[in-house]
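Hello,

Here is the structure I promised you. Please open it first, then read my notes below.

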Amino acid sequence: MSNDENEGEEVLEIIGRAKEAGFIEEISISDAIEDIAKSTGEEVNIILYIQGSAPILINAAKEEGYVSLALLDLGLVININLEEYSAVAQSFTDLEEITTRIGYELYGDRSIAPFLFPLKLNVKDKRATVICGIKAVITENLFNENFIEGLIDDLELKYPEYLANILNNIEVTRKEG
């Protein structure tokens, strides 16, 4: 089976699990924003289907005048060679937390934090499957369709840079620790 087929199956599996977990399904960013706006103090989980793109998983919370978001672009399922990046395997269970911290250290001045979400660890084949995502916090009055579109575009355009910087930094952090 090819990599593309494996990734396609993994994406379908993720969507299935998200649906089972009660994620809201939306087909427009404005509907997703409305769901988030109504969510005062509670987390909202959304599967956003954008025509011509892979689905995006959104986890959001609105509190005290701020909206925090985490976006996972299911089109950015990536296989990492563990021979090259052994620290990914060593920190796989904490990968989201560790890479969010690294992403914030590298890009926090832009109020974003790219991160890697762990999907599968295959030690035998020496590969880890992750999804590249981005987190952000914004004031409620600036939270709108343009903001979410900008985050999605930023992630799609810059994920190779984010991925390289995060992977290189996780290796350095692991070796120093």
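Lysine 62 has valine 67 in E4 as its bridge partner. That pair belongs to strand E3 (residues 56-63) and strand E4 (residues 66-81), which run antiparallel over eight bridges. Two strands count as paired when DSSP finds at least two bridges between them. Strands (E, at least two residues) and helices (H or I, at least four) are DSSP runs, numbered from the N terminus.

A word on the source: this is a predicted model, where local features need pLDDT of at least 70, side-chain atom pairs count only at pLDDT 80 or more, and totals for chains, interfaces and linings use all residues. Residues are numbered from 1 along each chain as its sequence is written, and side-chain values use heavy atoms, without hydrogens and water.

Now the sheet. Six strands form an open sheet with mixed pairing, in the order E1-E2-E3-E4-E6-E5. Strand E1 (24-26) and strand E5 (112-122) are the edges, each pairing on one side only.

Next, the cores. A nonpolar core is a set of buried Ala, Val, Leu, Ile, Met, Phe, Trp, Tyr and Cys residues joined through side-chain atoms within 4.5 Å. Buried means under 20% relative accessible area, with a 1.4 Å probe and protein chains only. The largest core has 43 residues; Val88 is one of those touching the most other members. Helix H5 (residues 145-176) gives the largest share, nine residues. Valine 88 touches residues including Ile80, Leu95 and Leu167, leaving out those up to four places away in sequence. Contact here means heavy atoms within 4.5 Å. Another core, of 14 residues, lies apart, with Val11 and Leu119 among them.

Best wishes

Definitions and conventions
Buried < 20%, exposed > 50% of the residue type's maximum accessible area, 1.4 Å probe, protein only.
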